[in-house]
Amino acid sequence: MFWNEELETIKASTLKNLQLKRLRETIGRVYFNVPFYRDRFQAINIKPEDINSVEAISRLPFTTREDILNNYPTGLLAVPRDEMVRVHTSSGTTGKPKAIFFTKSDIDRAADLIARCLVMTGMRKNDVLQNMMTYGLFTGALVMHYGAEKVGVLIVPAGPGNTERQIMLMKDFHTTALHITPSYALYLADYIKTKGIDPKRDLFIKRAYLGAEPYSEETRKKIEEMLAIDVYNSYGLSEMNGPGVAFECEMKRGMHLWEDNFIAEIIDPDTEEVLPDGTKGELVLTTLQREGMPLIRYRTRDITLIIPEQCACGRTHRRIDRIFGRSDDMFIVKGVNIFPQQIENVLMATKGVAQNYQIVLESLDNLTVRVEIARDLFDGNVTHLVNMQNKIVEALKKELLVKPKVELLEPGTLPVSEGKSKRVIDNRTL
Ligand code: AMP
Ligand code: ZN
């Protein structure tokens, strides 16, 4: 079933025309209303009328996270501040956050995209969505909330944490779907297991939407098995509304990126050259319908690829692959490039590994992985622990080509974050 069949299955050529029309409108809007963009375009002698094909977008300069920060809070608005009805901020690491403003119709469009996403995974009016993302300045919970309300599902706005209460709500309100971070989902699944709750017998959950941070295919499988549900990948970022930018359909093979609302490009993060479909690189997004704060060629820093093939579900919007990592997440040990995702893949595929882990960087040559393992391995028999440790070291070495130090921990030792998890602890002093 579709939320908007006509738009979701739009013919490629019609979509292209629609994109061009909306791109030109957007360029005009920022050129005449946002001094930052006008200056940028004038500096390279580009006028709105020069953009006469979707491909011509590659002539325009990029917008970076620094550009948003430098224009904090209202420097990138394309309509008067009075037209704005909401502001969200995005998790900056230090100092001021990025502020993203929405007009009433921006909120409505964001909700509409979420409605497409939910319906495409089988959600219907009689479903119950427990929204376990953080409500507040973060887009994750509220944008999903408004979209779910459009579909007409019952929303349980639980927010994260207090797992005992979450389970009570799931039982009492017959929750059928969860919106949750992968790290909290792993914790929750383990908690449910240790409390002796049988998800099939005692709960009603059919599906979960996992996003806001990178996770591996192995993690998806683990959560699906532990909770006996379907897990769908949900991608978004505050700069582009939050969730609802790209979402998996029932095929669970890549996320449809709503191309009537965004133009997606993949670039080489170093040379900034546009790469063909199927090639891994940094995702760059341009808003096509944003009124309040349009962004042109925004560098997301997220590494993925555009899947070239058509999806069997009938939707024509191209899919992006799982986010492989953020270009700024990568670290170098002994001269080798490593993404945290590679470590997660190995850990989650290793039998006996529990839910939580941490990567600690002490120097340019040392990598320590601290990992929680199954309780029953701490049975007093040291051989069991040594074998497990060797197994993990070898598996990681094979994947990373660097031999890490591995510390085994009892479940519950590492902190569980309610929002986005912090997996990499960087203690290097460079
Ligand atoms: P925020 O703007 O604070 O919501 O953070 C957005 C960022 O979270 C994105 O740029 C991604 O790096 C990350 N993110 C969101 N959804 C996913 C996902 N499904 N898989 C991997 N990373 C994600
Ligand atoms: Zn599909």
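**Exercise 1.** Determine which of the 18 residues around ligand 1 come nearest.

*Solution.* N233, S234, S238, D302 and R326 come nearest. A residue counts as near if one of its heavy atoms lies within 4 Å of the molecule. The model is predicted: local features need pLDDT of at least 70, side-chain atom pairs count only at pLDDT 80 or more, and totals for chains, interfaces and linings use all residues. Residues are numbered from 1 along each chain as its sequence is written, and side-chain values use heavy atoms, without hydrogens and water.

**Exercise 2.** Describe the make-up of the shell around ligand 1.

*Solution.* Start with the residue classes: 6 are nonpolar, 7 polar and 5 charged. Then turn to the elements: strand β7 (residues 230-237) gives the largest share, 5 residues. Strands here are DSSP runs of E with at least two residues, and helices are runs of H or I with at least four.

**Exercise 3.** Find the distances between ligand 1 and polar atoms of E213, P214 and D302.

*Solution.* Polar contacts are pairs of N or O atoms within 3.5 Å. On the backbone side, a nitrogen atom of the ligand is 3.4 Å from a polar atom of E213 and a nitrogen atom is 3.3 Å from one of P214. In the side chain of D302, an N or O atom is 2.6 Å from an oxygen atom of ligand 1. Of the 500 Å² of accessible area that the ligand has on its own, the protein covers 94% (Shrake-Rupley method, 1.4 Å probe).

**Exercise 4.** Decide whether T181 is buried or exposed.

*Solution.* First locate T181: this residue lies in the loop between β5 (177-180) and α8 (182-194). Its relative accessible area is 4%, so T181 is buried (under 20%; exposed means over 50%, with a 1.4 Å probe and protein chains only).

Definitions and conventions. Chains are lettered from A and ligands numbered from 1 in the order in which they are written. A polar contact is a pair of N or O atoms within 3.5 Å; within protein, one must be able to donate a hydrogen and the other to accept it, and residues adjacent in sequence count only if both atoms are side-chain atoms. Ala, Val, Leu, Ile, Met, Phe, Trp, Tyr, Cys and Pro count as nonpolar, Asp, Glu, Lys and Arg as charged, and the others, Gly among them, as polar.
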